[in-house]
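Have the viewer open as you go.

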Amino acid sequence: MDDMILLGLAVIAGCTVIYSALFSVFFRLFHWAHGRVHGRKTFLHDTAFVSVVVACLLLGNLLQVLVWGIVFVLIGAFDTLELAYYFALTSFTTVGYGNVVLTGPHAILGPLAAAHGVLMLGLSTSILFWVISTLLHPLAERYARLYGETDEDGRQQTTP
């Protein structure tokens, strides 16, 4: 069982490195693209940014699930990648239907995949929140200035 725990931790570490590398590239692209449309942003620009972010987050997580599925096949836990991927996806999302289960020494990998999924889906949510906050920040500043809540430098005004 200890070797399965170590394997699970290695998969988590490897997937985290892959996810981090993908989003390091993504953040650079986001800042570049966001800077290119600065001042000309419209509802469509923001919608496109958020849509691309959601797609990238989903693909990044599905790639991690694929790694889990491949590992399950390589260790002999499942005969087909399709079934292994299905199990990995239901574990990663913590749905866990229970119609496909790991048995024996492999059983510990299911909860590890679920713990990994909780962390990665939480990270994805925080990334999406950051992107939306970044997109909405100029709009929030504009409305705050319009309604007298900040001065022209963006500092909070005090009222006597």
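What follows goes from the overall fold to the core, then to a surface patch and one serine.

A word on the ground rules: this is a predicted model, where local features need pLDDT of at least 70, side-chain atom pairs count only at pLDDT 80 or more, and totals for chains, interfaces and linings use all residues. Numbering starts from 1 along each chain as its sequence is written, and side-chain values use heavy atoms, leaving out hydrogens and water.

**Overall fold.** The protein has four helices and zero strands, running α-α-α-α from the N terminus on. (Helices are DSSP runs of H or I with at least four residues, strands are runs of E with at least two, and numbering goes from the N terminus.) Here they are:

| Helix | Residues |
|---|---|
| H1 | 2-36 |
| H2 | 43-74 |
| H3 | 81-92 |
| H4 | 109-146 |

Of the 160 residues, 31% are buried, where buried is under 20% relative accessible area, exposed is over 50%, and partly exposed is in between (1.4 Å probe, protein chains only). Among contacts (heavy atoms within 4.5 Å) with a separation of 6 or more, 63% link residues 24 or more positions apart.

**The core.** The largest nonpolar core holds 30 residues, and Trp68, Phe72, Phe78 and Leu109 have the most contacts inside it. H1, H2, H3 and H4 each supply at least two residues of this core, with H1 giving the most, nine residues. (A nonpolar core is a set of buried Ala, Val, Leu, Ile, Met, Phe, Trp, Tyr and Cys residues joined through side-chain atoms within 4.5 Å.) Leaving aside residues up to four places away in sequence, Phe78 touches Phe72, Val73, Leu83, Ala84, Phe87, Val100, Val101 and Leu102.

**The surface.** Ile18, Leu22, Leu63, Leu66, Ile70, Leu74 and Leu81 make up a nonpolar surface patch with about 570 Å² of accessible area together. Patch residues have over 30% relative accessible area and no salt bridge, and nonpolar side chains (Val, Leu, Ile, Met, Phe, Trp, Tyr) are joined within 5 Å; a salt bridge is a side-chain nitrogen of Lys or Arg within 4 Å of a carboxyl oxygen of Asp or Glu. Areas come from the Shrake-Rupley method with a 1.4 Å probe. H2 gives the largest share of the patch, four residues. Ile18 lies in H1 and is partly exposed at 35%.

**One serine.** Is Ser91 buried or exposed? Ser91, in H3, counts as buried because its relative accessibility is 8%.

Technical notes:
Patch = residues over 30% accessible without salt bridge, like charges linked within 9 Å, V, L, I, M, F, W, Y side chains within 5 Å.
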